[in-house]
Amino acid sequence: AKISQELLIAKLATNMYCPFNYTLKEYLDYWLYEHMKNDVRIRYNTFDSYYNVLYNYLIPSIGPNKSICNITPADLVKAVDKIKYKTVRGRAIELLTTIFKYAFERHYIDYNPSIAAVQTLKKKHPPAKKSRVRNVKPYTIPEIRNLLFTCKMEFSDMYIPLLLTFTAGTRISETIGLKYSDIDFRHNLIYVERQLGRDFDPEYEANDSPLLTKELETKTPNG
C-alpha cells in the first residue's frame, strides 16, 4: 500500500496520473466519430479509410473489450502483422502513432505503446520508396477512339462527360461538379472550381451518420 501510494503521488506530481479505464472500442469510437469527424473535421474518404483499418483489422485482432491501458507494443505489432494488404498495413502503422499519442496526451493511458510498436513495424515492413516521377501510361489515340465509340453506342448518357474528361483532364468528381456558369463559350474556357462528392450531414449526430452529396473544394490547387 505504501509503494502504491508513493507511485500515485509521483504520477500526480508529474502529471502522468491516468484515472480512466476505457476499452479499445470505446476509445476508438470516440476518437473517430467525435475527435476526428467532428473536431478535426476529416473528409468522408479519409473517415472511410480510417474506419476500415480500425473496425475490420485492429479492433477484431486486439479485442474490442481490452482496456487501452493494458495494450502492449506486442499487441499492436501482432495486429498489424495480420494485415495481408500492404497499403492497409501502411495506413495502420501511420494511424497507431496518431491514435495513441492523442490517448496519452488526454491521460487515457499512462504510457504510449505505439512508439516501440511503430519502430518495430517499420523495420519489419519498410515503406516503399516513392518515385518522384509518376509512372503513368496514358491511353493511345486508338484506345481513346474505341472508348468513346463504345460509350456512344452502349452508354450514350455517359458520352459527353467522358469526352469532356478526356479533353479537359478533369477527375470524375470534377466533371460531374461542372455547371453551365463554369463554361466561357466565347473564349472556349472551362473553370474547374469545385467537385461533387460525398460528405457527412452536419445536422445528423448519430454514429451512423447518413451522407450528403454536396459541392466540395477541388482536391488539389492544381485541380
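Predicted model: local features only at pLDDT ≥ 70, side-chain atom pairs only at ≥ 80, totals over all residues.
Is H35 buried or exposed? Its relative accessibility is 15%, and buried means under 20%, so H35 counts as buried. Leaving out residues up to four places away in sequence, H35 touches Y30, V40 and Y102.

Next, the core. The largest nonpolar core has 39 residues. Those with the most contacts inside it are Y27, W31, L32, L54, L96 and I99. Which helices supply at least two residues each to this core? They are α2 (24-40), α3 (44-62), α4 (73-81), α5 (86-105) and α6 (114-124). In soluble globular proteins, nonpolar side chains tend to be buried together.

Setting aside neighbours within four places in sequence, L54 is in contact with L28, W31, L32, I59, P60, L95 and I99.

Now look at Y55, in helix α3. Y55 counts as buried because its relative accessibility is 15%. What does the side chain of Y55 make a polar contact with? The partner is the side chain of D29, at 2.4 Å. In sequence, Y55 and D29 are 26 residues apart, while their C-alpha atoms are 9.6 Å apart in space. Beyond four places in sequence, the contacts of Y55 also include K25, L28, L32, Y33 and P60.

Last topic: salt bridges. How many does the structure hold? There are eight. One of them joins the side chains of E174 and R171, at 3.1 Å from N to O. E174 is buried, with a relative accessible area of 3%, whereas R171 is partly exposed at 34%.

Another salt bridge joins the side chains of E215 and K179, at 2.8 Å from N to O. E215 lies in strand β4 (residues 211-216) and K179 in the loop between α9 (172-175) and β1 (183-184), so this pair ties together parts that are 36 residues apart in sequence. E215 counts as partly exposed at 42% relative accessibility, and K179 is partly exposed at 39%.

E215 also meets R194 in a salt bridge, at 3.6 Å from N to O. That pair links distant parts of the chain, 21 residues apart, with R194 in the loop between β2 (189-190) and β3 (195-200). R194 is buried, with a relative accessible area of 13%. Through shared partners, salt bridges join K179, D182, R194 and E215 into one network.

Definitions and conventions
Residues numbered from 1 in each chain as written. Heavy atoms only, no water. Core = buried A, V, L, I, M, F, W, Y, C linked by side-chain atoms within 4.5 Å. Buried < 20%, exposed > 50% of the residue type's maximum accessible area, 1.4 Å probe, protein only. Helix = DSSP H or I, 4+ residues; strand = E, 2+ residues; numbered from the N terminus. Contact = heavy atoms within 4.5 Å. Polar contact = N/O pair within 3.5 Å; in protein donor to acceptor, adjacent residues only side chain to side chain. Salt bridge = Lys/Arg side-chain N within 4 Å of Asp/Glu carboxyl O.
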